[in-house]
Each structure stands twice: as C-alpha cells, then as structure tokens.
Amino acid sequence: MTGYGGISILVAKRLPYKGFVGSALSRARARASGAAIARMASTGTGGYDFELKIAMEAVTLACGLTKSVQRKLLENETQSKTDNSPVTIADYGSQAVVSWALERQLPAGTFSMIAEEDSEDLRKEDGKAMLQRITELVNSIPSKDALLSSEDVLCAIDRGKAEGGAQGRHWVLDPIDGTKGFLRGEQYAIALALLDQGSVVLGVLGCPNLPLSGLSDDGSSPVGCLFTAVRGAGTTLHPIDGSLQPRKVRVSDLSDPALAAFCESYESAHSKHDLTSGIAKMLGVTASPIRMDSQAKYGAMARGDAAIYLRFPHKGYREKIWDHAAGSIVVEEAGGVVVDAAGRALDFSKGRYLDLDTGIIATNPSLLTAVLTAVETCVGSKSFL
C-alpha cells in the first residue's frame, strides 16, 4: 500500500503504530503533514483542539486506505447493498479505520458514531471472503502489534449504529461519500463531523482526488485536499501529503448570479438536473454546471471554485445527516450559508435523517436571496414536479 506514512509517525505518539509501508519520499511528505496537523490543533479551535486532532488523523488514515484501494480496485471487491448502490471493501475499511482510530483515543464509554455502513452483509456466509479482504486491508495500516481480527473489524463497523439526536456528542461519518465516483476513479470524500448537543461543531472533509489549485487545474498541481472547520474558527485547507502549508479559505464573494458557477451532483439519479438547470437559467447563469460526486462539492464551494451548490433529490428520498454534516460546516465556516429550499438552516438534531423542505442550497450571503427566489419560482412550477 502506498503510504500516507507521516501521519502514522504522528499517531505513533498516541497509538502503537510503527508506520505504513511506503517510500522514503512518502514518509517525508507525511512528516510534514503530521506537523501541519499539530500546528492546526494548537491554534484556536473553539475548545475542540483534541477532537480536531484525532479527527484529522482518522480521516487522513482513511484517505490513504481508500486511495490505495481505488488504484487497485478489482471487480470482485464490489458488491451491492440492498438498495443496489455499489459498496466496496474501501467503504467498510474506511469506516472500520475511522471508528477504531477515534474510539481508542476517547475516554471509555464515550464514543458514539452515526455512520453509513453496517456489518450485516459481511456476517453472512457469502460475505466471508470480502470480510477477509477488509481485515487484510485494515491491517495493512497498523503494525502487527495492533492487528485487528475479523470480529474486531465487524465491531468497529457496527459502532456506527448510533441514532444521534439533540443530546450528547456523536461523530457522524460517511466513509466514502460518492462511491460511484470512487469506482470511476474520480471524486469522492471521507466526511467526518462531530455533533455536540445536536449542532455540528467540527468537520473534516478528506478529498483525495481534488486538485489543490482548484477545479480549473490543468493536471499539473498536486491532488489531495483535507478541509477542516471548527465552529467559530474558520475553514482551513490542508494538503493531505503535507507538501504545502495549510491556508484559510473563503467562499466566493460574487454578488451577480449571472457570473456565478454552480455545482451539482454528477448523477442525475441523485439530484434533478432539469430543476437545477431551470434555477440557473432564471438566475442568468451562463456557465455549464460543474458536476461532481460527493461532498467534495462543499470543499470546492468553500474555496470559491463555485458560488452556488444546488441539490434537489427525487421524490421520496430522505437526506442522511452523514451526507451533509461535514460539508455544511466547511462551507459555513468559510463564510457561506447552507439551507434548505425554504431558507432554513439544516437541523442535525433529529437523528440519522434530515427532515427538510425539498432540497439543499449552498451559496454566499450576497447571492442567497436571489437563489431562494429562483428556487421558489421553479419548485412551484408544475413542469418540475
């Protein structure tokens, strides 16, 4: 496995790691990344310094795992969930690693996590081969003195069954947001957030394939972005490999919607492209939509690659909190707003689902009124029902 090895050097101070398998160059880059994590965690982060540090470590580990799998993905490492959406060993492996990395650093009995995957299919007879592959994958990260058994992996995955709510602290994880993008070798994200008394207070968004220089990159710049946000402390962009210094990012300050770029889901099955096209037309937007998978869209929004993000799922779909928790705080702490189609803030205190009006909008404060007006007009039109 090609390593994000320097993160293991940082984690080794707290965990019994000996490091990843990887080149001297990857280890040197990871040492820089570990230093970046330490710098970020030592700054003002609203009282969540430790939580931010372990969240960054966990997501960076998962980025290394998933990036390695994406390069070597085999057809027999993909199966279907009951809803027919694809799931790979990387989804399960990512969830197991993040769960394990967080729980072992938190006080006993305090870890609660709401996550997408569960182990039901892996516990069946025909899931044993995949479970073995996942266990091998997870154990390619820690050293042999921290080996996990298959049952350890199953238990780590199943720690994501918490219901959440308005009381206590709950971690919220999408181990691979944008699985179809992952399978195509394109954009995906590892999205981790922390709920405290029902409010998102921290978010870490790992986007291993997102160019550091922006979506207009010609392919010459490094890829791999880690966005971090803590309520009241802003949003920071970190190179996953530590090759550059972290920097604060801000949303676009455009006030003329005609000049705005907007992004939406790559898959038309995930969002109504005809509706978003109508909204863009009403706003006077002339640029073609930026279509990409996953909460990487929130990261792109946070640094100004696009000024509007529109998501309008098809009738009957219920939004899950792990699809928006980390991304929403990344945009909001970068100066943006994330609301439902009625202009209301997203409410993450109701459990595993978001009960909201029609769709989700992310933009900057200057464009919000115009976007909401266009949304109201187009959603009310019979042609989009």
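This is a predicted model: local features need pLDDT of at least 70, side-chain atom pairs count only at pLDDT 80 or more; totals for chains, interfaces and linings use all residues.

Trainee: How many helices and strands does the protein have?
Mentor: Helices (H or I, at least four residues) and strands (E, at least two) are DSSP runs, numbered from the N terminus. Here there are 11 helices and 16 strands.

Trainee: What share of the residues count as buried?
Mentor: Buried means under 20% relative accessible area, exposed over 50%, and partly exposed in between, using a 1.4 Å probe and protein chains only. Of the 385 residues in this protein, 59% count as buried.

Trainee: What share of the contacts joins residues 24 or more positions apart?
Mentor: A contact means heavy atoms within 4.5 Å. Take the contacts with a separation of 6 or more: residues 24 or more positions apart account for 70% of them.

Trainee: How many residues are in the largest nonpolar core?
Mentor: A nonpolar core is a set of buried Ala, Val, Leu, Ile, Met, Phe, Trp, Tyr and Cys residues joined through side-chain atoms within 4.5 Å. The largest one here has 54 residues. Those with the most contacts inside it are Leu 102, Ile 134, Trp 171, Leu 192, Leu 202 and Val 204. Helix α3, residues 49-72, gives the most to this core, with 11 residues. A second, separate core has 41 residues, including Ile 114, Ala 162, Val 251 and Tyr 309.

Trainee: Which residues does Leu 202 contact?
Mentor: Set aside its neighbours within four places in sequence. The partners of Leu 202 then include Tyr 48, Leu 52, Ala 55, Trp 171, Leu 192 and Ile 329.

Trainee: Is α3 enclosed or open?
Mentor: Of its 24 residues, 20 are buried, so α3 is largely enclosed by the rest of the structure. Now check its length.

Trainee: How do I describe two packed helices?
Mentor: Use the angle between their axes and the distance between the axes. Axes are lines fitted to C-alpha atoms, for helices over the stretch in contact, and angles run from 0 to 180 degrees between N-to-C directions. Angles under 35 degrees count as roughly parallel, over 145 as roughly antiparallel, 65 to 115 as roughly perpendicular and the rest as oblique. Take α5 (residues 128-139) and α6 (residues 150-158): their axes come within 9 Å and cross at roughly 90 degrees. The two are therefore roughly perpendicular. Leu 131, Gln 132, Ile 134 and Thr 135 of α5 make the contact with Ser 150, Val 153 and Leu 154 of α6.

Trainee: At what angle do α4 and α6 pack?
Mentor: Helix α4, residues 89-103, packs on α6 at about 85 degrees, with the axes 8 Å apart. That makes α4 roughly perpendicular to α6. Tyr 92, Gln 95, Ala 96 and Ser 99 of α4 meet Val 153, Ala 156 and Ile 157 of α6. As for burial, 14 of the 15 residues of α4 are buried, so α4 is largely enclosed by the rest of the structure.

Trainee: What about phi?
Mentor: Most residues other than glycine have a negative phi. Gln 197 has a positive phi, near 55 degrees. Gln 197 sits in the loop between β5 (189-196) and β6 (199-211), and is partly exposed at 45% relative accessibility. Ser 294 also has a positive phi, near 75 degrees. Its loop runs between β11 (290-292) and α9 (296-302). Ser 294 is buried, at 10%.

Trainee: Where is Ile 361 placed?
Mentor: Ile 361 is in strand β16, residues 360-363. Ile 361 is buried, with a relative accessible area of 0%. Its C-alpha atom is 5.7 Å from that of Val 338, 23 residues apart along the chain.

Technical notes:
Residues are numbered from 1 along each chain as its sequence is written. Side-chain values use heavy atoms; hydrogens and water are left out.
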